[in-house]
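Reader: I have a chain open here and would like to go through it with you. Can we start with whatever you pick and work outwards?

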Amino acid sequence: VTNGTTTTTKQRRRRRRPVMYTFFEWIPPRNRGTQMSDTADKALIAEWKSAWKAAGWDPRVLTLDDAKKHPQYDDYAPKLNSIPMLGVDGLGGNVVYNQLCFLRWLAMAAVGGGYMCDYDVFPVSRAPQHSNYLSPPYDGNFTVYCKIKYSRNAGIPCLLSGRAEEWTRMAYRLVENGLKNAGSGESMWSDMLALIDMRNENAYRINDAVLEGQDVLLQHGWTPQDCNITAHKKAIHFSHEAMRLGYLNPGETAEDRPDIIRRFL
């Protein structure tokens, strides 16, 4: 029974779960550049929710409406029009998609900060049960958990954490970086490229805790000996690149990511 002063055990347990956010705003598939259909996206988000919930988290999906709640949205959003986002083909078919990738940082600030990952990032370990994990670590200082292999602390924005003001700070740092590169002749600049470009600016800290998906998509299948691959890692990023470099069954493509991930998990 629940009344004004009493909550059920289930509700209390849910409230203690750390929240893992992701961001998704529907745009036509042709404007995404992700090689994913609506059906595949919905299936992937459903798998993402199920996996993070099973790992002890409270998974939630943010949208553009969340970004618009940020008090600096009207100042921030127009700046994106001055950042080159024409894509490698120079046609700009996925400009809106790339602008949304910047706006998700504001969405995270608007909801109070915390953890966010791409919806193709899946957990390999359970959330620690101690209460300190309910807030971002390192005093909420901005942390990137995906490191480019063999790089010197170049981060990929696939799993991130920080307190709200840190998300706002990083959102503006990324835009400033994009505007700086607008006159450099680049035809394409993204939040990912900006984050990589900022690697030597002490803008964020790196915690190398995410494994690249191709490292677990093995032709011989998964064996107990392969469990060492995921040791000390928190999650796996089943990115577009992982679909290209990892082993897939004959005929499988990025469109099949929900089935590929489900098979691994």
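**Working through the chain**

Author: This is a predicted model. R262 is partly exposed, with a relative accessible area of 40%.

Reader: What does the side chain of R262 meet in a salt bridge?

Author: The partner is E47, with N to O at 2.7 Å.

Reader: Is E47 buried or exposed?

Author: E47 is buried, at a relative accessible area of 17%, because the cut-off for buried is under 20%.

Reader: How do α2 and α9 pack, in angle and axis distance?

Author: Helix α2 covers residues 38-54 and helix α9 residues 257-264; the angle is about 25° and the axes are 8 Å apart. Angles under 35 degrees count as roughly parallel, so α2 and α9 are roughly parallel to each other.

Reader: Which residues make the contact?

Author: From α2 they are A40, A43, L44 and E47. From α9 they are R257, P258, I261 and R262. By type, the contact of α2 with α9 has five nonpolar residues, three charged and no polar.

Reader: Back to salt bridges. How many does the count come to?

Author: The count comes to 17 salt bridges. One of them joins D58 and R60, whose closest N and O atoms are 2.8 Å apart. D58 is buried at 3% relative accessible area, while R60 is partly exposed at 36%.

Reader: And what about D197 and K180, how far is N to O there?

Author: That salt bridge has N to O at 3.9 Å. D197 lies in helix α7 (residues 191-197) and K180 in helix α6 (residues 164-181), so the pair ties together parts 17 residues apart in sequence. D197 counts as partly exposed at 29% relative accessibility, and K180 is exposed at 54%.

Reader: Different topic. Where is T230 found?

Author: T230 is in the loop between β8 (210-212) and β9 (235-237). T230 is buried, with a relative accessible area of 19%. Leaving out residues up to four places away in sequence, T230 touches L211, V216, W222 and I236.

Reader: Last one, the whole chain. How many helices and strands?

Author: The chain has nine helices and nine strands. Of its 265 residues, 48% count as buried. The accessible surface comes to about 13600 Å², and 50% of that belongs to carbon and sulfur atoms.

Terms used: Residues are numbered from 1 along each chain as its sequence is written. This is a predicted model: local features need pLDDT of at least 70, side-chain atom pairs count only at pLDDT 80 or more; totals for chains, interfaces and linings use all residues. Side-chain values use heavy atoms; hydrogens and water are left out. Helices (H or I, at least four residues) and strands (E, at least two) are DSSP runs, numbered from the N terminus. Buried means under 20% relative accessible area, exposed over 50%, partly exposed in between (1.4 Å probe, protein chains only). Accessible areas come from the Shrake-Rupley method with a 1.4 Å probe; for residues, only the protein chains shown count as cover. Axes are lines fitted to C-alpha atoms, for helices over the stretch in contact, and angles run from 0 to 180 degrees between N-to-C directions. Angles under 35 degrees count as roughly parallel, over 145 as roughly antiparallel, 65 to 115 as roughly perpendicular and the rest as oblique. Contact means heavy atoms within 4.5 Å. Ala, Val, Leu, Ile, Met, Phe, Trp, Tyr, Cys and Pro count as nonpolar, Asp, Glu, Lys and Arg as charged, and the others, Gly among them, as polar. A salt bridge is a side-chain nitrogen of Lys or Arg within 4 Å of a carboxyl oxygen of Asp or Glu.
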